[in-house]
Amino acid sequence: MRTLVHGKTILLIVGGGIAAFKALELVRELRRAGARVLPVLTENGTRFVTPLSLSALAGEKVRTSLWDLEDEAAMGHIQLSRAADLIVVCPATASLIQRAAAGAADDLATTLLLATDTPVLMVPAMNVRMWLHAATQRNVATLRGDGVTVMTPDDGEMACGEFGPGRLPDVAAIMAAIAAQFGPKPLLGRHALVTAGPTHEPIDPVRFIGNHSSGKQGFAIAGALASLGARVTLVAGPVHLPSPAGVTRVDVMTARDMQAACEAALPADIAVMVAAVADWRADAAARKLKKDGQPLPPLQLTENPDILAGIGQHTRRPALVVGFAAETHDLIANAAAKRVKKGADWIVANNVSDGVFGADSNHVHLVTATGAEDWGAQAKQAVATTLANRIAVHFSGSA
Ligand code: C5P
């Protein structure tokens, strides 16, 4: 099957990180998909993969230096950066990200990035502490603000033995992100409202009622809708996740804040309510509750507004309202009942009895007015892409 990558020229900058060897697999996949790959290896990159193996797989000469006179005669760095349909930086190390964010031009890779208006996709891979460091997050936010698509690294065990976000995403996910760069924008002109993450309901100034929602699924959906051209407002509860590219993010704490932010975001064509909203809030004490030998004060709980139901019945109801249902039993029946009760068009139902919260994969069913579809177990990114494509198909009939 011909993919969106067929016939495209990809300038691939390989940075100096332990994940550099996976760039070789990416080259193979890109070529298998019919792309031409122009490889650039940073000075540090040559310590992890050899120019020879990269060039053998790409079927092209590898460029490593700004000062190669022979290359300048054949194709100077300015032309090189413009000959490509897309520049992919994989792996994008903390140092490359930092120098690109600062607009440096101190080696071939950064000079190419600065000398071009070709779209850039960065695929970060680094130690978890380096990724989570405020400096790196600041640099990533700067690049995203400059229009660079920066993928979110995977969670998992790292080569250095630590655990957390920083691993290079799967080659399949990188290929999907590359294809998305060339994909059609069927949701252009549509506004999508997405909620994600938990809410925190204060008990007193230092304690809250919360839940284990990581926000990953909602963030992935916001990103997938944006990559199809939608203008996306992402109303996010308290989570530690970077904003997906091209998304306007509104950070909130409580369910009532989230509801107000959703109301303020209307009108919208699409609402996808993924947040795990706390069902109850406490009457928060103004001062920190003390033990003081006193009996525990009873928690007075009040039911929170149902944001999805409110949007489902709103006078400015979006044309397509999608809810989520996390169930531990009678998945389809409960989701179908929820769809009707909350005035949603679709419910994405998942079984949470086997630890979905915080995980990277999700087994969902799509419940609509006409029945239920089993989408099988997929990465949360893949669930997001499938749902976004489905939404695009829905609107293609009513353009
Ligand atoms: O009733 P339940 O919490 O299972 O419903 C889940 C769906 O409803 C999700 O889409 C969630 O975002 C939404 N919801 C909401 N406001 C609430 C509770 C749930 O928007 N207070």
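At 17% relative accessibility, Arg99 counts as buried, where buried means under 20% relative accessible area, exposed over 50% and partly exposed in between (1.4 Å probe, protein chains only). This is a predicted model, so local features need pLDDT of at least 70 and side-chain atom pairs count only at pLDDT 80 or more, while totals for chains, interfaces and linings use all residues. Residues are numbered from 1 along each chain as its sequence is written, and side-chain values use heavy atoms, with hydrogens and water left out.

**Salt bridges**

- Searching the whole structure turns up eleven salt bridges, each being a side-chain nitrogen of Lys or Arg within 4 Å of a carboxyl oxygen of Asp or Glu.
- Arg99 pairs with Asp106, and their closest N and O atoms are 2.9 Å apart.
- Asp155 and Lys216 make another salt bridge, with the closest N and O atoms 3.3 Å apart.
- That pair links distant parts of the chain, with Asp155 in strand β6 (residues 154-157) and Lys216 in helix α10 (residues 216-227), 61 residues apart; helices (H or I, at least four residues) and strands (E, at least two) are DSSP runs, numbered from the N terminus.
- Asp155 is partly exposed at 31% relative accessibility, whereas Lys216 is buried at 17%.
- Glu327 and Lys338 also meet through their side chains, at 2.8 Å from N to O.
- Here Glu327 sits in strand β16 (residues 320-327) and Lys338 in helix α13 (residues 331-341), eleven residues apart.
- Glu327 is buried at 9% relative accessibility, while Lys338 is partly exposed at 24%.
- Shared partners tie Arg99, Asp106 and Asp107 into one salt-bridge network.

**Domains**

- The chain splits into domain 1 (9-181) and domain 2 (191-395), with bounds from an automatic or database domain assignment.
- Between them, six residues from domain 1 and five residues from domain 2 make the contact, meaning heavy atoms within 4.5 Å.
- The C-alpha centres of domain 1 and domain 2 are 34 Å apart.

**A hairpin**

- Strands β9 (residues 201-204) and β10 (residues 207-209) run antiparallel and pair over three bridges; pairing needs at least two DSSP bridges between two strands.
- Two residues separate β9 and β10 in this hairpin.
- Glu201 has Ile209 in β10 as its bridge partner.

**A nonpolar patch**

- Trp280, Leu299 and Leu301 make a nonpolar surface patch of about 320 Å².
- Patch members have over 30% relative accessible area and no salt bridge, with like charges joined within 9 Å and nonpolar side chains (Val, Leu, Ile, Met, Phe, Trp, Tyr) within 5 Å.
- Accessible areas come from the Shrake-Rupley method with a 1.4 Å probe, and for residues only the protein chains shown count as cover.
- Leu299 lies in the loop between β14 (280-282) and β15 (301-303), and is partly exposed at 48% relative accessible area.
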